[in-house]
Amino acid sequence: LAVGRISKDPSLDLGHRLDYVVLQEECETSRALVRFIDFGKLSSAFIGPLNPGFCEVATLLGENWNKAIFSWMCINYKLDSTIHYPTFTRTLPSPTRILFTIMKYFQWAHVGIIASREDIWMDTANKLASALRNQGLPVGIVTSVHKGEKGIEDTWNEIKKVDGIKIILLCMHSVLIGGEEQATLLKKALEMGLADGRYVFVPYDTLLYSLPYQNNSFSIFDNDTKLQEAYDAVLTVTLESGERTFYDALREAKESGEIIRDLEATEVSPLFGTIYDAIYFMAMAIDSARRKRVRISGANIAEHTKNFSFSGFSQWVATDSCGKGLSNYVILDTDGHGNQLFPTHLLDMSSDSVKSLSQAIHFPSGAPPKPDSSCWFDPDVLCTGG
């Protein structure tokens with residue numbers, strides 16, 4: 001869809017016909033890296049990789065091949081150095097930056113991270129922990145979901161042993177788009193009395209796409225009061241929907257005959273929109289480089305991702321003078337009943353600030369977890385004495 005629209009877009013001058021090949025990324029990190037080395041001959045630029053575990057190596061290979069890498073999933077903080085990684089660019093604001101902005105606003109510094117057992121999620125959790133620690137935040141525990149009901153109980157018992165945790169990041173598929181493991185994990189937390197408001201649970205993967213929340217109900221909550229109650233302790237952070245939601249944009253593309261697959265909008269992962277935007281983002285960078293009459297190379301394309309804006313799949317995509325993403329995010333909450341999510345706060349990424357909206361957050365205990373010392377969020381002050 002993106003490549004088809006780019007080829008018809010009169011405002012873009014790419015000098016080449018854009019084509020794509022879908023490269024299957026292996027699930028195991030080591031095998032994925034070996035496959036990636038084989039891809040060097042197949043493409044002129046890459047959208048990906050999906051596994052943060054080999055982002056740094058993939059980016060070094062991209063630099064060696066002089067091919068740009070456009071990624072929304074790589075959270076490795078070292079990649080933000082354009083001097084060391086000149087061919088790497090982010091198509092969305094860094095998830096770490098979003099989480100840090102929220103944590104600073106609520107003053108929740110102490111973090112725990114729980115990941116699915118698959119390599120991609122374990123690697124995400126470990127890279128996320130190192131990126132947050134690089135910001136000076138105390139990450140108390142990084143663990144994976146153990147197998148079986150007893151295993152899930154053990155996972156929560158590990159979390160309970162760590163003092164002071166306020167926010168727990170869940171690196172796995174969101175329950176809202178079919179992540180059964182997250183549903184089981186949250187319901188077990190409720191059963192063990194841990195969804196009482198002492199922790200705030202934040203799903204990680206909704207940061208990577210625009211979850212349709214306006215006028216949308218989530219059937220996963222229907223007839224499942226336990227999940228409704230458990231989800232009351234969850235704050236969902238996602239890309240702000242524009243004038244139309246992801247589902248609206250998908251329906252429009254189907255009605256215009258651009259998408260011929262007979263799929264209901266709710267059967268398609270909103271990650272589709274993120275991938276579409278990443279491809280368009282790359283086309284904008286090539287166009288920008290050509291307008292400045294520079295040679296089209298990996299480093300030059302990555303360099304020309306500054307100060308542009310375009311209409312993405314379902315929201316506006318823009319970057320600042322440093323190439324940082326300016327897409328806004330929202331914090332969504334439920335009231336412990338029903339099947340809808342309501343926006344409570346807007347994250348303005350142009351100023352890294354949080355604004356409260358008309359709806360307040362509904363905390364299970366009626367109050368948020370106690371704030372941590374502000375010294376954690378001040379780079380010039382060392383936290384001492386707890």
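## Annotated region

Residues 1–336 of the chain are 38% helix and 13% strand, with end C-alpha atoms 38 Å apart. In the unreviewed UniProt entry, this range carries the annotation "domain: Receptor ligand binding region". The coordinates come from a predicted model.

Helix 3 comprises residues 55–65, and its buried residues are Cys55, Glu56, Ala58, Thr59, Leu61 and Gly62.

After helix 3 comes asparagine 66, which has a positive phi, near 55°.

## Overall fold

The protein chain contains 11 helices and 13 strands. Its radius of gyration is 21 Å, close to the 21 Å that the globule rule gives for 386 residues, so the chain is as compact as a globular protein of that length. The C-alpha trace spans about 60 × 50 × 40 Å along its principal axes.

Of the 386 residues, 53% count as buried. Where contacts join residues at least 6 apart in sequence, 66% of them link residues at least 24 apart.

## Surface and charge

The accessible surface of the protein chain amounts to about 17800 Å², and carbon and sulfur atoms account for 50% of it. The chain carries 36 positive and 47 negative side chains; the centres of these two sets are 6 Å apart.

Terms used: Residues are numbered from 1 along each chain as its sequence is written. This is a predicted model: local features need pLDDT of at least 70, side-chain atom pairs count only at pLDDT 80 or more; totals for chains, interfaces and linings use all residues. Side-chain values use heavy atoms; hydrogens and water are left out. Helices (H or I, at least four residues) and strands (E, at least two) are DSSP runs, numbered from the N terminus. The radius of gyration is taken over C-alpha atoms; the globule rule is 2.2 Å times the number of residues to the power 0.38. Buried means under 20% relative accessible area, exposed over 50%, partly exposed in between (1.4 Å probe, protein chains only). Contact means heavy atoms within 4.5 Å. Accessible areas come from the Shrake-Rupley method with a 1.4 Å probe; for residues, only the protein chains shown count as cover. Lys and Arg count as positive and Asp and Glu as negative; His and the chain ends are not counted. The place of a charge is taken as NZ of Lys, CZ of Arg, CG of Asp or CD of Glu. UniProt positions are given in the numbering used here, feature names are shortened, and annotations may be inferred rather than shown by experiment.
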